[in-house]
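I opened the model to look up a few sites and kept short notes. The entries follow in the order I made them.

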Amino acid sequence: MDLDLGPEIEQFRAELRDWIVAEAPPALAGLTDWTMAGVPGGYRVRGLTAAMAHPAYAQWERTLADAKLICPQWPAEFGGQGMDAIRVAVLNEEFCRAGVPRVIRGMGETLVGPSLIVHGTREQREYFLPRIISGEDVYCQGFSEPDHGSDLAGVQTRGEIDGDEIVITGQKLWTSGAARASMMFVLCRTDPRAEKHQGLSYVLIPFTGPQVRYRPIRQLSGAAEFYEDFLDGVRVPLFNVIGGLNNGWRVAMTTLGHERGGSATVQHLRSEREFWELVETAREHGRIADPLVRQQLAWAYTGVQLMRFSGLRTLAGVAAWRPPGPEASVSKLLWREYHKRLGEIAIGVLGAAGLVRPDGDGYPTSPWQNVFLSSRVGTIYSGTSEIQRTIIAERALGLPKEPRAAD
Ligand SMILES: Cc1cc2nc3c(=O)[nH]c(=O)nc-3n(C[C@H](O)[C@H](O)[C@H](O)COP(=O)(O)OP(=O)(O)OC[C@H]3O[C@@H](n4cnc5c(N)ncnc54)[C@H](O)[C@@H]3O)c2cc1C
């Protein structure tokens with residue numbers, strides 16, 4: 001980002017840079033390009049997974065844990081460092097610059113943790129947060145259902161109270177990473193008589209055992225990284241209800257705010273790398289002097305810069321302790337629509353070669369084919385582009401509300 005953030009932050013940056021040089025295992029940077037965005041369903045996710053199985057990664061994970069650099073933004077009392085948003089952004093930049101990974105605890109770190117910190121009781125935070133940092137609990141997100149995606153408040157999965165326990169029954173859909181998860185954060189209906197936003201609860205459940213079944217769904221890219229799940233009477237103590245019974249919508253909105261705006265401050269770094277890769281591809285294919293391709297590349301570079309400024313705006317908001325608001329939707333819309341268009345440009349640059357899949361077993365795709373196919377999902381998950389536009393129109397621009405069918 002190369003902002004002038006003052007001498008204190010520059011000192012933090014310099015110390016961090018030295019620390020990385022001293023501590024990062026030498027093999028790490030060469031294992032994969034850690035900075036590349038892991039498009040769901042994409043080959044990059046497979047490459048990352050293989051690199052994470054290397055002993056150098058395990059060594060780095062231990063080093064980061066000892067230095068409290070896993071979930072560093074969490075309060076010190078819960079195992080983090082209470083690192084402010086500017087330092088986290090600097091941390092991301094410096095790790096990115098050195099080609100070494102942040103060890104991120106997935107949805108546990110970015111979605112469940114922040115929601116627990118805002119809405120959980122002290123006991124719930126003390127119990128659940130350290131398990132996320134250690135990697136013991138790996139979460140998947142149980143929000144969407146077959147008839148309730150954009151209309152999230154309509155979810156039908158039941159949460160029935162039985163003494164001091166809650167029993168969850170229903171079907172969830174499009175659950176990313178379910179096969180790797182040991183826990184799920186579920187939005188379920190605990191009061192069917194209440195107005196639909198008000199009868200919901202947010203519950204942390206084990207995603208193991210005979211009451212949980214799931215099966216993979218094949219994606220356009222050939223990968224199968226999301227699942228449909230069947231919860232058949234999963235029983236947990238009421239202790240696992242976050243934010244109180246029937247208050248799940250508020251907790252879910254905190255989660256979604258973090259999901260939409262969460263990577264806004266590093267997105268442009270990844271996108272810039274990808275952009276220069278595309279420039280290289282255009283060179284290799286003799287297309288770099290083509291005026292149309294140059295125009296498209298100029299558009300893409302502008303997009304990367306817009307993401308940079310959008311990220312800075314998000315950063316300023318977080319630094320002022322403002323909860324993620326409609327600007328998270330701006331970032332999400334900008335990046336996802338950009339990325340879809342970038343995939344189309346890349347296939348255009350490849351020309352006829354872009355239409356031919358590489359040889360090999362299964363359903364292999366070339367890197368740019370993969371961006372073209374996989375980037376489409378970004379305009380759907382964590383709220384479709386249409387939903388983001390409505391949020392921006394109504395909540396950021398103050399335009400009249402969209403008429404609802406029931407009105
Ligand atoms: C790769 C991927 C990973 C995902 N991972 C998860 C996960 O881990 N956990 C999870 O719970 N869910 C996950 N989802 C599900 C995702 O959140 C939903 O797909 C999304 O919310 C859209 O819901 P839907 O698919 O039911 O589409 P629908 O809501 O049925 O929408 C269909 C179309 O109608 C449009 N539409 C709907 N309502 C409106 C409206 N009010 N105004 C204008 N247009 C509208 C939509 O924009 C869309 O084009 C994932 C999805 C994808 C693609």
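How many nonpolar, polar and charged residues does the shell around the ligand have, by class? I counted nine nonpolar, eight polar and two charged residues; Ala, Val, Leu, Ile, Met, Phe, Trp, Tyr, Cys and Pro are taken as nonpolar, Asp, Glu, Lys and Arg as charged, and the others, Gly among them, as polar.

Conventions. I am working with a predicted model, in which local features need pLDDT of at least 70, side-chain atom pairs count only at pLDDT 80 or more, and totals for chains, interfaces and linings use all residues. Residues are numbered from 1 along each chain as its sequence is written, and side-chain values use heavy atoms, with hydrogens and water left out.

Ligand site. I found 19 residues around the ligand, a residue being near if one of its heavy atoms lies within 4 Å. The closest are S144, S150, W174, T384 and E386. I then looked up which elements supply the shell; β3 (165-176) and α13 (385-396) each give at least two residues. The most come from β3, with four. Helices (H or I, at least four residues) and strands (E, at least two) are DSSP runs, numbered from the N terminus.

Ligand distances. An oxygen atom of the ligand lies 2.6 Å from a side-chain N or O atom of E386. For the side chain of T384, the corresponding distance to a ligand oxygen is 2.7 Å. At G149 I noted a polar backbone atom 3.5 Å from a ligand oxygen. Taken alone the ligand exposes 970 Å², and the protein buries 69% of that (Shrake-Rupley method, 1.4 Å probe; for residues, only the protein chains shown count as cover).

N92. I located N92 in helix α5 (residues 85-98). N92 is buried at a relative accessible area of 14%, where buried means under 20%, exposed over 50%, and partly exposed in between (1.4 Å probe, protein chains only). Its side chain makes a polar contact of 2.6 Å with that of R102. Such a contact is a pair of N or O atoms within 3.5 Å; within protein, one must be able to donate a hydrogen and the other to accept it, and residues adjacent in sequence count only if both atoms are side-chain atoms.

P25. I placed P25 in the loop between α1 (7-23) and α2 (28-31). P25 is buried, at 6% relative accessible area.

Cysteines. I searched the whole structure and found zero disulfides (cysteine sulfur atoms within 2.5 Å). C71 is in none; the nearest cysteine sulfur, that of C140, is 17 Å away. C71 is buried at 0%.
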